[in-house]
Amino acid sequence: MTESLRRHAPLLLSLAAGTALWEIAGRRASAAFLVPLSETLVRLWEIAASGQLWEQFVSSAALFLTGFALALAIGMPLGMLLARMRVLRVALEPYIMILYATPMVALIPFILSLMGFGFAPKALVVFLFAVFPVLYNTIEGARSIKPELIEVARSFRSSEWKLWCDVMVPYTLPFAMTGVRQAIGRGLVGMVAAEFFLSATGLGQLIMTAGQNFDTGGVFAAILVIGLIGVGLMRVGLMLEQRFARWRD
Amino acid sequence: MDAIASPSVPDVKGASGAGVRIRVRGLAKRYGALEVFRSIDLDVGDCEILSIVGPSGCGKTTLLRCIDGLIPVDEGEIWVNGTRVTQPIAGMAMVFQHFGLFPWKTVYGNVAYGLKMAGASKAEIAERVPHFIAMVGLKGFENAYPYQISGGMQQRCGLARALAVEPSVLLMDEPFAAVDAQTREILQFELLRIWEQRPTTMLFVTHSIEEAVLMGDRVIVLKGRPSSIAETIVVDLPRPRTRETLREPRFAALREHVWSTLLSEARRAEFEVGGGL
């Protein structure tokens, strides 16, 4: 008990200091810029009690999960395919590098003019934010596979399909999970960006509406929720990564 | 003791026509402009152990991979059990230098792998895997992952995986080169013991002259650039071979013979810049 307290002491102290700083700064600053943590939590409770928070959370979650699931479903298999087929990789790599390096926000006006304001273009934005870290890490991971393991599979007369099931996928998963963890953060940014710039829905709308009403507490309440979701998802991602990477020790 | 009197010495030797498991004719392999080996002719008999030695970069591992069907050849033909080899065929299994175990599979899963690929039923796998795990002395480690066991144990696992498919031809690619000296010696005699229980045709690639003589019924020496078979030495030591074998004057004489065949080449290779393959 005392041991775990000592281990976590720096974290707890830091959280306490941060909380205190927010509270003090919030009380001194103009309410148009910053409100204290206590007021933010009160606003959060009000928004939650009105049912608005849950409603917008569900809307955002649907958007995030759709785009994110697409990013995984396309990023991981495509990454492995590109690692296995040199010709394809050499041909597509420049586009992947360019798109990975491009700030995706810059593409939003283009997507808007192409697809309008619906759910699909917004999910596409989340997808574009999330897919490249997954794709990139999967390619790098799958390429690092020891040639000897591929030879073992071939020597035991594995079919290409079984080579994927027994060798490529289990080897690459931990690497892909590193990308998945990065993709969570980027996907959340994409989600809020889509909600801001395409049509205002979800947690993004909550921030926008509160901002327009000079409800600084509401703005911070929504940001706090998004931040906590991000931290929670990252933890899950890390746990999954470690679960799949046990053998990498 | 006379070699012929030993009951486990196979009476079919490589040179004779009948019972030939592996037949190689006029084999050549090139990587671009680099010629690895040329005009390799080999016959390996049923249950014969043929050792292949040569300096680093002589292409002995490449030759073994060609015979397994993993690498295409540029000239010549390979026949195993009467089948022309152009890709890996059933009835052959390879033991890899760096073990080639799947790190995400347990010892059990790794040993079962070859059987699974060969299309064995669940019942067959459940029956045979424990048998071969016990044969290589890994009983009790079925659920261990490769990173949890020593290098020697990992290669025991690699050996069990190859034996489990009951191959008539076993290809050994410097199987004990990656383990420490003591473990290496233990594994050599383990392998000899297993071979006595269940003799198979074996191609044994090694850079250790001692190991080549200890294991082989014959030793072929690869030399030159591109390399070719410089000499074939018949190892007329009785079987079963044990630690006693190492102390026999005949063993020492054979080892010296192989060494002198290799010597000039080894000197040259050592001082060559770049090393090669």
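Visitor: How many helices and strands does chain A have?
Guide: Chain A has ten helices and zero strands. Keep in mind that this is a predicted model.

Visitor: And in what order do the elements of chain A run from the N terminus on?
Guide: They go α-α-α-α-α-α-α-α-α-α.

Visitor: What does the C-alpha trace of chain A span along its principal axes?
Guide: About 70 × 60 × 30 Å. Chain A has 249 residues, and buried ones make up 42% of them.

Visitor: What about contacts in chain A between residues at least 6 apart in sequence: what share join residues at least 24 apart?
Guide: That share is 76%.

Visitor: Let's talk helix packing. How do you even describe two packed helices?
Guide: By the angle between their axes and the distance between the axes.

Visitor: OK, so at what angle do α3 and α9 of chain A pack?
Guide: Helix α3 (residues 52-84) and helix α9 (residues 202-212) of chain A pack at about 130°, and their axes are 6 Å apart. Because of that angle, α3(A) is oblique to α9(A).

Visitor: Which residues make the contact?
Guide: On the α3(A) side you have A:Q52, A:L53, A:Q56, A:F57, A:S59 and A:S60, while α9(A) brings A:G202, A:L203, A:Q205 and A:L206. By type, the residues of this contact of α3(A) with α9(A) divide into four nonpolar, six polar and no charged.

Visitor: Now a pair across chains. How far apart are the axes of α8 of chain A and α2 of chain B?
Guide: Those axes are 13 Å apart, for helix α8 (residues 160-197) of chain A and helix α2 (residues 107-117) of chain B, and the angle is about 170°. With that angle, α8(A) is roughly antiparallel to α2(B).

Visitor: Which residues meet there?
Guide: A:K162, A:D166 and A:V167 in α8(A) meet B:Y113, B:K116 and B:M117 in α2(B). The contact of α8(A) with α2(B) has three nonpolar, no polar and three charged residues.

Visitor: I also spotted A:E151. Is A:E151 buried or exposed?
Guide: A:E151 counts as buried, because its relative accessibility is 17% and the cut-off for buried is under 20%. A:E151 lies in helix α7 (residues 147-155) of chain A. Leaving aside neighbours within four places in sequence, A:E151 is in contact with B:R65, B:L70 and B:F96.

Visitor: Switching to chain B, where is B:R239 found?
Guide: In the loop between β10 (228-234) and α7 (249-271) of chain B. B:R239 is buried too, at a relative accessible area of 0%.

Visitor: What does the side chain of B:R239 reach?
Guide: It reaches the backbone oxygen of B:M215 at 2.6 Å. There's also a polar contact of 3.2 Å between the side chains of B:R239 and B:D217.

Visitor: Last topic, the nonpolar core. Which residues of the largest one touch the most other members?
Guide: Out of 104 residues in the largest nonpolar core, those are A:V167, B:I67, B:V80, B:L203, B:V213 and B:V258. Helix α4 (residues 151-164) of chain B gives the most to this core, with seven residues.

Visitor: What does B:V258 touch?
Guide: Not counting residues up to four places away in sequence, B:V258 touches B:V53, B:I209, B:V213, B:V219, B:V221 and B:I233. A second, separate core has 46 residues, including A:I108, A:A193, A:A194 and A:V225.

Key: Residues are numbered from 1 along each chain as its sequence is written. Chains are lettered from A and ligands numbered from 1 in the order in which they are written. This is a predicted model: local features need pLDDT of at least 70, side-chain atom pairs count only at pLDDT 80 or more; totals for chains, interfaces and linings use all residues. Side-chain values use heavy atoms; hydrogens and water are left out. Axes are lines fitted to C-alpha atoms, for helices over the stretch in contact, and angles run from 0 to 180 degrees between N-to-C directions. Helices (H or I, at least four residues) and strands (E, at least two) are DSSP runs, numbered from the N terminus. Angles under 35 degrees count as roughly parallel, over 145 as roughly antiparallel, 65 to 115 as roughly perpendicular and the rest as oblique. Contact means heavy atoms within 4.5 Å. Ala, Val, Leu, Ile, Met, Phe, Trp, Tyr, Cys and Pro count as nonpolar, Asp, Glu, Lys and Arg as charged, and the others, Gly among them, as polar. Buried means under 20% relative accessible area, exposed over 50%, partly exposed in between (1.4 Å probe, protein chains only). A polar contact is a pair of N or O atoms within 3.5 Å; within protein, one must be able to donate a hydrogen and the other to accept it, and residues adjacent in sequence count only if both atoms are side-chain atoms. A nonpolar core is a set of buried Ala, Val, Leu, Ile, Met, Phe, Trp, Tyr and Cys residues joined through side-chain atoms within 4.5 Å.
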